[in-house]
Amino acid sequence: AETHYHEFNVQETPVKRLCRTKNILTVNGQFPGPTLEGRNGDTLVIKVINNGQYNISLHWHGIQQMRTPWADGPEYITQCPIQPGASYTYSYTLDNQEGTLWWHAHSRWLRATVYGALIIRPKPSVPYPFGQPNKEIPILLGEWWKGDVDAILQQALFTGAGPNFSDAYTINGQPGDLYRCSSKDTVKFYVDPGDTVLFRVINAALHQQLFFTVAEHLLTVVGADADYLKPFSTRVIMLGPGQTTDVLLIADQPPARYYTAATAYASAQNAPFDNTTTTAILEYTSFPCDSKTGSFLKPILAQLPAFNDTTTVTAFTTQLRSPSRVEVPIDIDENLFFTVGLGIVNCNPGPRCQGPNGTRFAASMNNVSFVFPRRASLLQAYYQGIPGVFTTNFPPVPPIKFDYTGNVPRALSQPTFGTKLYKLNFGANVQVVLQDTGIFSTEDHPIHLHGYSFYVVGQGFGNFNPSTDTSNFNLMDPPRRNTIDVPVGGWVVIRFVADNPGVWLMHCHIDSHLIWGLAMAFLVENGPGMLQSVRPPPLDLPRC
Ligand code: C2O
């Protein structure tokens, strides 16, 4: 196994998009940031130097960080942020995962521009189970704001209302030729006829679930969230923020230029979204074009589903399976039921209460709206025994039973606030039912668990019913993921073994929902021996 050393310089960089130039935070001046690559078993060592003006931390989304929770990255959860002028070195191994992950800032909304791909290939001389592609192309889907992203966050935080929509979606940092002033910078992917291309698609958008497609070409899904899947073909894939999907494309169409495109999937009627489309161009190298006059034939258009096409999404997600039989935890020690949803908080009419009817948005799990600590990170507080930073009374089930997706008692739209953790014994078999609620509106929530990949054993619409739904669980070959979409007005059930000690955030990867409190954290206790325990913190771990 190898060790790969990197230096990540966080800095302000001027970038021009949508006809205007603004400074954005980047790593090493690159946008999107550098791609990290390694093989299963390798170690990554990344020294992050903060030359920007904001506190920042970086998260390696989907890396399990077995025994190294100090390298996980979410600010105030596993570390205090890296202050301007300071640095911190993240060091971790790539263990038992292969495929596509990504990294991003985990401080406020800085991940809007601070993100990149993280690719894990098999050990030397181990082939991909789906054969060898001729080309591998990372595709990072994102969102772009004309204004300053931090100002948009402040606006959402301090008015209590929803954030401004982004001004464009992007593919590898570029909006593409359907947006103003963007045509000549449209990203191009070149293929030779007959090529097999592996697209590693990552949804790095802050708020938006996205459909992705390539005109006239079938996509064969072969992996997601750095685990292989049983291959199947589809015209379109959907990714929630945080999710990755690996697809193969065979260049078997007449040589031409084809649109590669992504656009919003907005599950709920009143879910905010921007109905524009970002494009890149898949161009066959043999395609004749007049480079002197620059006159290209228009690319062949891509067909994307309607923004509210939940049927297509369900048809897609229910096809995801592990390649063969997997070991799903069967005897459940912790049977948890968490509601996830948006709510509103009554507040005194005024500038901070510009949500619906003079309220303020809040979001919660089991009616607890998560509050990030400030004095110390949760992991430090746990490891060093600092009292008063968190409590361990996160409720295992909702405070009261109700019709989650139907008529909802008004009292439930008023969450309580707290830094509540749920404690798990080392090695416990855990099942979590994630149930969307209609307290404010039903909406998809891409829920991400740090420190683990979990099996997705079931999903459905309406209220989860243990006596009928449990018998339909897939305990044979469910997919393994780190981020799962809780379907609009529905539920999803995940299982994992709590074998990675530490403090692990679980949250909605839509960042507006995260700042409104749609999060909780698990505290997984050390196991019996040294090898099942959290390693000591690195000496340069930032302090609050
Ligand atoms: Cu990709 Cu907690 O995040």
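Two strands count as paired here if DSSP finds at least two bridges between them, and the strands (E, at least two residues), like the helices (H or I, at least four residues), are DSSP runs numbered from the N terminus. In this sense, the bridge partner of Leu140 in β12 is Ile202. The structure is a predicted model, in which local features need pLDDT of at least 70 and side-chain atom pairs count only at pLDDT 80 or more, while totals for chains, interfaces and linings use all residues. Residues are numbered from 1 along each chain as its sequence is written.

Strand β9 (residues 135-144) and strand β12 (residues 196-203) run parallel and are joined by seven bridges. Both belong to an open sheet of six strands with mixed pairing, in the order β10-β9-β12-β17-β14-β15. Because β10 (168-171) and β15 (227-234) stand at the edges with a single partner strand each, one side of each is left without a neighbour in the sheet. Neighbouring strands of this sheet are turned by 25° against each other on average, direction ignored, with axes taken as lines fitted to C-alpha atoms and angles running from 0 to 180 degrees between N-to-C directions.

**The chain as a whole**

The protein chain holds five helices and 32 strands, and its C-alpha trace spans about 70 × 55 × 55 Å along the principal axes. Of its 544 residues, 52% count as buried, that is, with 20 or more other C-beta atoms, placed from the backbone, within 10 Å of their own.

**Domains**

An automatic or database domain assignment supplies the bounds listed below.

| Domain | Residues |
|---|---|
| domain 1 | residues 1-125 |
| domain 2 | residues 130-322 |
| domain 3 | residues 334-532 |

The centres of domain 1 and domain 2, taken over C-alpha atoms, are separated by 22 Å, and their contact takes 25 residues from domain 1 and 30 residues from domain 2. On the side of domain 1 that touches domain 2, β7 (99-105) and β8 (115-121) each supply at least two residues, and the largest share, five residues, comes from β7.

Definitions and conventions:
Buried ≥ 20, exposed ≤ 12 C-beta atoms within 10 Å, placed from the backbone. Contact = placed C-beta atoms within 7 Å.
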